[in-house]
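Here is my note on the model, point by point. Please read it with the structure open.

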Amino acid sequence: MPHPSLTSLPAFADLQAHYAHASQWQLRQLFAGDPQRFKRFSVEAAGLLLDYSKNRISEETLALLLRLAQERDLEARRDAMFAGEKINATEQRAVLHTALRAPRGAGPTLDGQDVTQEVHAVLDHMRRFSEQVRSGQWLGCSGKAITDIVNIGIGGSDLGPEMVTRALRPLVHPRLSLHFVSNVDGHDLDAALSGLDPETTLFVIASKTFTTRETMMNAHSARSWFLKKRGEADLPRHFVAVSTNTDGVRQFGIDPENMFPFWDWVGGRYSVWSAIGLPVALAIGFERFREFLDGAHAMDQHFRTEPLARNMPVLLGLIGLWYRNFFHYGSVSIAPYHQDLSQFPAYLQQLGMESNGKQVTFDGGPVGIDTCPVIWGDVGTNGQHAYFQLLHQGTDVTPTDFIAALTPAHGLPGHHAVLLANCFAQAEAFMKGKTADEVRAEMQAQKLSNEQVEQLVPHRTFPGNRPSNMILMEALTPAALGALIALYEHKTFVQGVMWDVNSFDQWGVELGKVLAKNIESELEGQPRPELHDSSTNALIARARACLNL
Ligand code: F6P
């Protein structure tokens, strides 16, 4: 049965009527009129505090959005995901990344089997292997301990482990350096391999399908690099695989004994909790990796059981929808005020945009409403000196998520207070802005002439009323990071349900892959101009002239 369109639901019409006056509200005035606003619009769960008070919402807005979610059957669809129903309809798959972080024996069952049994069998293997490598028991072919780990993967087989390993940098084993190679551009692998010793390097070839062109090419090149110095017999100590494709792994020449499997019900962008997280376990140790899983599990429990009105991912998802479908804001920015979260915006790009960058609903009809906004961002305070100008005074409004840890992992005096002050100040400035009268009074106090004042007033005025969320944690621990990622996963799920798109397929990446295959053969073989337009043919001819010199 096709779901009714979002716009046909009764609460949608009510929200539209509500928007007509809500769009006139000023955040400044909302704060001035309600000293309890922070208390009213903040929630804590799984070690995270979400302050959503600096949004253009009232209790009525939220009540209407929650009604819309109920009319959309959000709770039933959430429960279907947790229960292992095949909600990824275009691929006929269950969606069970939540089972990857559940305690042993907690279910759910899939084809009559408790999936956490298989999950924990692989986790046990990861534990053994990571302990051996970290303790120096797992030695390279010449008897030396492993010093460098090169993860070769792309998309979900790269972004998660890289982002998490960087985020937890202070916990990385001092003997180990982690490298991540994803791009088919040989400069990536070349840079990673420079200075590495094959006798102390471990390659993790990570690919759900074990067919992805970039990963396979990099893996073969890494193998050739290794074989220049060492023999075939030495490979097993230096190459392991993470995949769902045992045959592909075997054909590549990796012993399935050294393979860490996962399952088709784990989407690539939801896979850091599976064996795809092996580099994380190697880097920070299995116990800390388990804490990471536990943090995510705590957020799962919250999402699953907390009433919608106090449910963090639900609130984030619905407020995002409010801006996207009523205010028509086209992008959201992510501002982690933590250098170790520098890869988090890129991680969220894949999570959000590959999941919900869709234009048809489950039944294949046009979605008829804007779906995922562009997701982008960078760490604070760097962004302040680059693109925040546009966020404050540009013609587009960009809702922003600020993320910060209250305590640092370093001991440098003073830095953290300055960092947090900037984070809170930016959110305050977005919200309050600066009126022309305030600007005028300030400049008059500086004794500027009336002419100077009037010339500068429009430039120095800030419109304000720019929304943001603030997400705080005590410290960037494995558990807090796990909860943070799971929060955004569930936010993505909530929005996918509301827009009625399948958040778990990614057909949009296929066309380019197929065309690249054709062009690849034409660059070095016979051109086939009948396949292309004049632009593509000219580009191919230009490249052939250089490549075949
Ligand atoms: O092309 C997109 C994609 O399929 C992503 O969804 C996925 O994370 C990435 O490629 C890598 O895929 P694999 O792990 O199968 O190599």
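1. Which side chains meet in a salt bridge at 3.9 Å, N to O? They are Arg 127 and Glu 131. A salt bridge here is a side-chain nitrogen of Lys or Arg within 4 Å of a carboxyl oxygen of Asp or Glu. The two residues are 4 apart in helix 6 (residues 115-135), so about one helical turn separates them. Arg 127 is partly exposed at 27% relative accessible area, and Glu 131 is partly exposed at 39%. Buried means under 20% relative accessible area, exposed over 50%, and partly exposed in between (1.4 Å probe, protein chains only).

2. On provenance: the model is predicted, local features need pLDDT of at least 70, side-chain atom pairs count only at pLDDT 80 or more, and totals for chains, interfaces and linings use all residues. Residues are numbered from 1 along each chain as its sequence is written, and side-chain values use heavy atoms, with hydrogens and water left out.

3. The salt-bridge count comes to 35. One of them joins Arg 101 to Asp 300, with the closest N and O atoms 2.8 Å apart. This pair links distant parts of the chain, 199 residues apart. Arg 101 sits in the loop between helix 5 (74-82) and strand 3 (109-110), and Asp 300 in helix 12 (residues 286-305). Helices (H or I, at least four residues) and strands (E, at least two) are DSSP runs, numbered from the N terminus. Arg 101 is buried at 0% relative accessible area. Asp 300 is buried too, at 1%.

4. Glu 442 and Lys 434 also form a salt bridge, at 2.8 Å, N to O. Glu 442 is partly exposed at 30%. Lys 434 is partly exposed at 24%. Elsewhere, salt bridges link Lys 144, Asp 197, Glu 199, Arg 230 and Asp 234 in a network.

5. Two strands pair if DSSP finds at least two bridges between them. Strand 1 runs antiparallel to strand 2 (residues 48-51), joined by 4 bridges. Val 43 stands opposite Leu 50 in strand 2.

6. Rings of Phe, Tyr and Trp (its six-membered ring) pair if their centres lie within 6.5 Å; planes under 30 degrees apart count as stacked, over 60 as edge-to-face and the rest as tilted. Phe 82 and Phe 303 are tilted, at 6.2 Å centre to centre and 45° between the planes. Phe 82 lies in helix 5 and Phe 303 in helix 12, so the pair ties together parts 221 residues apart in sequence. Phe 82 is buried at 5%, as is Phe 303 at 0%.

7. Phe 303 also pairs with Phe 493, edge-to-face, at 6.2 Å and 80°. Phe 493 is in helix 19, 190 residues away.
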